Amino acid sequence: MIIGSLALAAAGAFTGASLYVNYVEQPARLALTDDALIKEWEPSDHRGFIVLAGLAAIAALFGFIAYRELDDIRWLFGALVILASWPYTYWAIVPLNNRILGLIGAEAAHEARKVIDLWGKLEIGQTAIGVLAVVIFLWAAG
């Protein structure tokens with residue numbers, strides 16, 4: 001059962017990190033001037049991507065192991081849900097990342113602000129994925 005607890009902990013960490021991005025980092029970022037906003041966004045986005053992708057992978061791995069060990073399909077569902085953050089990121093968020101990087105390169109800071117605001121709204125989807133995975137893992141652990 002320790003593996004299931006690790007899956008739950010990693011999914012909880014993923015959810016906490018995505019909540020931090022949505023409700024602490026993004027509002028603070030949007031309070032900056034246009035030039036400061038674009039200087040802050042790129043390195044922050046790269047670090048956040050690594051953290052969230054890594055936590056999702058760890059939670060999914062532990063969820064898959066728990067499924068194999070306990071033969072309880074709920075662990076598989078939780079693992080698949082948290083792993084869904086990867087295609088969500090690829091299809092919904094990465095195109096905006098590329099657009100923002102293009103605007104930063106073109107020194108269109110004001111336009112980049114609008115896209116970064118939209119990016120923040122799409123990041124809420126990461127939190128929803130994390131919350132759903134945590135609920136499923138809690139159900140499986142119950």
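Residues 24 or more positions apart account for 77% of the contacts in this chain with a separation of 6 or more, where contact means heavy atoms within 4.5 Å.

First, the ground rules. This is a predicted model, in which local features need pLDDT of at least 70 and side-chain atom pairs count only at pLDDT 80 or more, while totals for chains, interfaces and linings use all residues. Residues are numbered from 1 along each chain as its sequence is written, and side-chain values use heavy atoms, with hydrogens and water left out.

Now the overall layout. The chain has 5 helices and 0 strands, so its pattern along the sequence reads α-α-α-α-α, with helices (H or I, at least four residues) and strands (E, at least two) taken as DSSP runs and numbered from the N terminus. The C-alpha trace spans about 55 × 25 × 20 Å along its principal axes. Of the 142 residues, 42% count as buried. Buried here means under 20% relative accessible area, exposed means over 50%, and partly exposed lies in between, with a 1.4 Å probe and protein chains only.

Next, the inside. Which residues touch the most other members of the largest nonpolar core? They are Ala11, Trp75 and Ile82, in a core of 21 residues. A nonpolar core is a set of buried Ala, Val, Leu, Ile, Met, Phe, Trp, Tyr and Cys residues joined through side-chain atoms within 4.5 Å. At least two residues of this core come from each of α1 (2-30), α2 (34-70), α3 (73-83) and α5 (109-141). There is also a second, separate core of 14 residues, with Leu37, Ile100, Leu103 and Trp119 among them.

Take Ile82 as an example. Beyond its neighbours within four places in sequence, Ile82 is in contact with Ala11, Phe14, Ala56, Ala59, Ala60, Ile129, Gly130 and Ala133.

Axes are lines fitted to C-alpha atoms, for helices over the stretch in contact, and angles run from 0 to 180 degrees between N-to-C directions. The crossing of α2 and α3 is left-handed, meaning that the near helix is turned anticlockwise from the far one by less than a right angle; clockwise would be right-handed. From α2, residues including Ala56, Ala59, Ala60 and Phe64 take part, and they meet residues of α3 including Ile73, Trp75 and Ile82. This contact divides into 14 nonpolar, 1 polar and no charged residues. For that count, Ala, Val, Leu, Ile, Met, Phe, Trp, Tyr, Cys and Pro are nonpolar, Asp, Glu, Lys and Arg are charged, and the others, Gly among them, are polar.

The second pair is α4 (residues 85-105) with α5. The axes come within 9 Å and cross at roughly 165 degrees, and α4 and α5 are therefore roughly antiparallel to each other. Their crossing is left-handed. Tyr88, Ile100 and Leu103 are among the α4 residues here, and Val115, Trp119 and Ile129 are among those of α5. The contact of α4 with α5 holds 13 nonpolar, 5 polar and 3 charged residues.

Last, some single residues. Most residues other than glycine have a negative phi. Asp71, in the loop between α2 and α3, has a positive phi near 50 degrees, and Asp71 is exposed, with a relative accessible area of 64%. Glu107, in the loop between α4 and α5, has a positive phi of about 55 degrees and is exposed at a relative accessible area of 70%. Tyr90 sits in helix α4 and is exposed too, with a relative accessible area of 52%.

Methods
Angles under 35 degrees count as roughly parallel, over 145 as roughly antiparallel, 65 to 115 as roughly perpendicular and the rest as oblique.
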